[in-house]
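Hello,

Here is the structure I promised to pass on. Please open it first, then read my notes below.

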Amino acid sequence: MPFKTGKDYARPGVADRGAATIIDLLRARGHLDDLGRPVPDPTAGTPTGPPVLARLNHGRWLGDCNLQDTIRGRTCLNAQLLDPDDPRFFCVECHSLANGGRWRPVTWPANRAAIEAQLEARQQPEQNWEP
């Protein structure tokens, strides 16, 4: 069973845009944060700030937001699907406000193929790996 990425959950014809697919859909729908700000353009600027570490959870590559959510006054714990072809992360929960509302880089394990090969025979709920 192949491991899931952001592309696997996108509608047909949209998946070729990578992990930003979810962000693209939110932008197209006019999604705004709690302060009325739109999701930033995925192509604007270079990702910056603390990197998001890719991890496997139930056969899905995910990244966790660990920024301080300045709106809710707590650490953001939102997780989002990642895609190795699009190593950017933007939190749709806290809107990465603690990072200036900018995209963050994603750090993938150098041995991703070996990790996937080791976990491939397991059932999906047991396909987990943490950096």
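**Confidence first**

This is a predicted model. The protein chain has an average pLDDT of 81, and 73% of the residues score at least 70. Confidence is highest in strand E1 (residues 52–53), at 96. Helix H1 (residues 21–28) has the lowest, with a mean of 61.

Take care with residues 15–19. Their pLDDT stays under 50. The model still gives this stretch 13 contacts beyond four places in sequence. Where pLDDT is low, predicted coordinates should not be read in detail.

**The core**

The largest nonpolar core holds 16 residues. Cys65, Phe89 and Val106 have the most contacts inside it. Look at Cys65 next. Setting aside neighbours within four places in sequence, Cys65 is in contact with Cys76, Leu77, Asn78, Phe89, Cys91, Cys94 and Arg104.

**The cysteines**

How many disulfides does the model have? The count is zero, with a cut-off of 2.5 Å between cysteine sulfur atoms. Cys91 is in no disulfide: its nearest cysteine sulfur, on Cys76, is 3.6 Å away.

Are Cys91 and Cys94 buried or exposed? Cys91 has 0% relative accessibility, so Cys91 counts as buried. Cys94 is buried too, because its relative accessible area is 2%, and the cut-off for buried is under 20%.

Best wishes

Methods
Residues numbered from 1 in each chain as written. Predicted model: local features only at pLDDT ≥ 70, side-chain atom pairs only at ≥ 80, totals over all residues. Heavy atoms only, no water. pLDDT = per-residue confidence, 0-100. Helix = DSSP H or I, 4+ residues; strand = E, 2+ residues; numbered from the N terminus. Contact = heavy atoms within 4.5 Å. Core = buried A, V, L, I, M, F, W, Y, C linked by side-chain atoms within 4.5 Å. Buried < 20%, exposed > 50% of the residue type's maximum accessible area, 1.4 Å probe, protein only.
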